[in-house]
Amino acid sequence: MNNTELLKDIRARLSDHRYEHSLQVAKSAAELAERYGGDRDLLYTAGLAHDVLKEQPKDEALAFFAAHGVQLTPVERSAPKLWHAMAGAIYLKETYGFPEELLTAVRYHTTGREQMTLSEKILFIADFISADRDYPGVEDMRERAKVSLEYAMEEGLRFTIYELSEKCRPIHPDTVACYNEIVTAKNR
Ligand code: DGI
Ligand code: FE
Ligand code: FE
């Protein structure tokens, strides 16, 4: 994939730290693709692109959804942090015509979902373990990602659900479904 236009686009749209984050997520996604037999090029591009609309103003995001006939659920409306993944996938389809495999990886990189594809899982984990991440527990996540994608996802989802519930923030049903599927499969 030729990333020239995309690189210009994310450079113009993102702050220095988030641009750097995108480069690092691309690198991690490509590494995970190699480890787990994913599409290296596609996942590198997905990493570059995944937060393309992260810094879009809220009013613009809402106008974008309205223009594209997207109806937000009450949970989605109350959680603007989820918007960049939903809007990003639509934007990337429209602007670059990226393949569905890349689009759903971007679409579900924040919440996860049931029945995730390999590319979706890889981008989801790459976002947690990229070199720019320094939260407490990131080393454990990096080790888990070497064991299996599901082992890392279980911890990532547990952490996200824990943090959100601590602050009485809504948990998206896709996040819950993803978590339930993974822990259920483990306990079977
Ligand atoms: O865009 P990044 O910051 O790199 O990472 P991200 O797309 O994973 O976004 C993380 C943020 O999204 C974090 O503040 C938690 C929030 N988030 C993730 N899952 C959910 C969620 N927020 C709500 N309300 N519900 C969720 O299920
Ligand atoms: Fe994101
Ligand atoms: Fe990110």
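Modeller: Let us begin with helix packing. Axes are lines fitted to C-alpha atoms, for helices over the stretch in contact, and angles run from 0 to 180 degrees between N-to-C directions. Please keep in mind that this is a predicted model.

Biologist: At what angle do helix H1 and H6 pack, and how far apart are their axes?

Modeller: Two packed helices are described by the angle between their axes and the distance between the axes. Here helix H1 (residues 4-13) packs against H6 at about 135°, and the two axes are 12 Å apart. H1 is therefore oblique to H6. The crossing in which H1 passes H6 is right-handed.

Biologist: How do the axes of H4 and helix H6 cross?

Modeller: The axes of H4 and helix H6 (residues 83-96) come within 11 Å and cross at roughly 55°. H4 and H6 are therefore oblique to each other. H4 passes H6 in a left-handed crossing.

Biologist: Where in the chain do His 21 and Asp 51 lie?

Modeller: His 21 belongs to helix H2 (residues 16-36), while Asp 51 is in the loop between helix H3 (40-49) and helix H4 (58-67), so the pair ties together parts that are 30 residues apart in sequence. Both His 21 and Asp 51 are buried.

Biologist: Which residues coordinate the iron ion (ligand 2)?

Modeller: The iron ion (ligand 2) has Asp 51 (OD), His 84 (NE2) and His 109 (NE2) as donors, at 2.1 Å. Along the chain these donors follow the spacing D-x32-H-x24-H. Distant parts of the chain are linked by one pair among them: Asp 51 is in the loop between H3 and H4, and His 109 is in the loop between helix H7 (100-107) and H8, 58 residues apart.

Biologist: Which residue bridges the iron ion (ligand 2) and the iron ion (ligand 3)?

Modeller: Asp 51 bridges the two iron ions, which lie 3.6 Å apart.

Biologist: Why does Asp 51 count as buried?

Modeller: The cut-off for a buried residue is under 20% relative accessible area. Asp 51 counts as buried because its relative accessibility is 3%. His 109 also counts as buried, at 3% relative accessibility.

Biologist: Next, the aromatic rings. How many aromatic pairs does the structure hold?

Modeller: The structure holds 5 aromatic pairs. One of them joins Phe 124 and Phe 128 in a tilted arrangement, 5.5 Å centre to centre with 55° between the planes. These two residues are 4 residues apart in helix H8 (residues 118-129), so about one helical turn separates them. Both Phe 124 and Phe 128 are buried. Elsewhere, Tyr 91, Tyr 96 and Phe 98 form one aromatic cluster.

Biologist: Over which ring does the charged end of Arg 144 sit?

Modeller: The charged end of Arg 144 sits over the ring of Tyr 151, 4.0 Å from its centre. Arg 11 likewise lies over the face of Tyr 19, at 4.5 Å from the ring centre.

Key
Residues are numbered from 1 along each chain as its sequence is written. Chains are lettered from A and ligands numbered from 1 in the order in which they are written. This is a predicted model: local features need pLDDT of at least 70, side-chain atom pairs count only at pLDDT 80 or more; totals for chains, interfaces and linings use all residues. Side-chain values use heavy atoms; hydrogens and water are left out. Rings of Phe, Tyr and Trp (its six-membered ring) pair if their centres lie within 6.5 Å; planes under 30 degrees apart count as stacked, over 60 as edge-to-face and the rest as tilted. Buried means under 20% relative accessible area, exposed over 50%, partly exposed in between (1.4 Å probe, protein chains only). A charge sits over a ring if NZ of Lys or CZ of Arg is within 6 Å of the ring centre and within 35 degrees of the ring normal. Angles under 35 degrees count as roughly parallel, over 145 as roughly antiparallel, 65 to 115 as roughly perpendicular and the rest as oblique. A crossing is left-handed if the near helix is turned anticlockwise from the far one by less than a right angle, and right-handed if clockwise. Donors are N, O and S atoms within 2.8 Å of the metal (3.2 Å for Na, K and Ca); water is not among the atoms, so sites may look incomplete.
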